[in-house]
Amino acid sequence: MVHRKGSTRVSEDAEELVRVPLQAILLADSFAQKFRPITLERPKVLLPLVNVPMIDYTLGWLESAGIEEVFVFCCAHSKQVIKYLENSHWFSLQHFEVTTIESHNSVCAGDALHLIYERHVIHGDFVLVTGDTVSNMSLTQALQEHKGRRKKDNNAVMTMVIKRSKPSLITHQSRLGTDELFMAIDPYTKQLLYYGDKAD
């Protein structure tokens, strides 16, 4: 890298030469049936949390975290999600672009990602999030760690952000419901070695 006073910076790093907007894929469909019968007529992302649709919390967090482009993937109740977003303030922001992608054939998150890949709209690293995420976490450290891992190993294509939940004093469980996850992580490399149901 060469940098001279009064001159533009020349970098050997290809990523730094091309300015790519920070992108996110928001899955507006959970591809699950846990909230039925409530979600038979209304998508989970439009269910209110303190009188605000859950998707607003997710979009608000992505905007505050510096995301510039969001692709909202809609499947079940797609027309409701698209209509809500078109009438919201999210479509009119200058520095935050929201685009909807509709599908009626996808049955899982893998199908959604495959369809988005085929459309060639993602141009680098991206954040994948579900539309019912409520967070105020800064993404800066996670993105820096991901890029650092990827520079060391080309096979490091994904970084997961996981938070340990505290046991409830009422239920004595760390999560509600019966689904318990078991994860094995290498303490030195932070590589995920196993991810699955605890019952397995």
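In the predicted model, strand 1 and strand 6 (residues 126–130) pair in the parallel sense through five bridges. Within this pairing, Ala 24 has Val 127 of strand 6 as its bridge partner. Strand 1 also pairs with strand 4 (residues 69–74), again in the parallel sense and over five bridges. Here the bridge partner of Ile 25 is Phe 71 in strand 4.

Strand 1 itself, which spans residues 23–27, is mostly covered, with five of its five residues buried. Gln 23, Ile 25 and Leu 27 point one way from the strand, whereas Ala 24 and Leu 26 point the other way. In a regular strand, side chains alternate between the two faces of the sheet. In strand 1, the residues pointing in either direction are all buried.

Among the contributing residues, Tyr 195 is located in strand 8. Tyr 195 has a relative accessibility of 44% and therefore counts as partly exposed, since this class lies between the cut-offs of under 20% for buried and over 50% for exposed residues.

How values were computed. Residues are numbered from 1 along each chain as its sequence is written. This is a predicted model: local features need pLDDT of at least 70, side-chain atom pairs count only at pLDDT 80 or more; totals for chains, interfaces and linings use all residues. Side-chain values use heavy atoms; hydrogens and water are left out. Helices (H or I, at least four residues) and strands (E, at least two) are DSSP runs, numbered from the N terminus. Buried means under 20% relative accessible area, exposed over 50%, partly exposed in between (1.4 Å probe, protein chains only). Two strands pair if DSSP finds at least two bridges between them.
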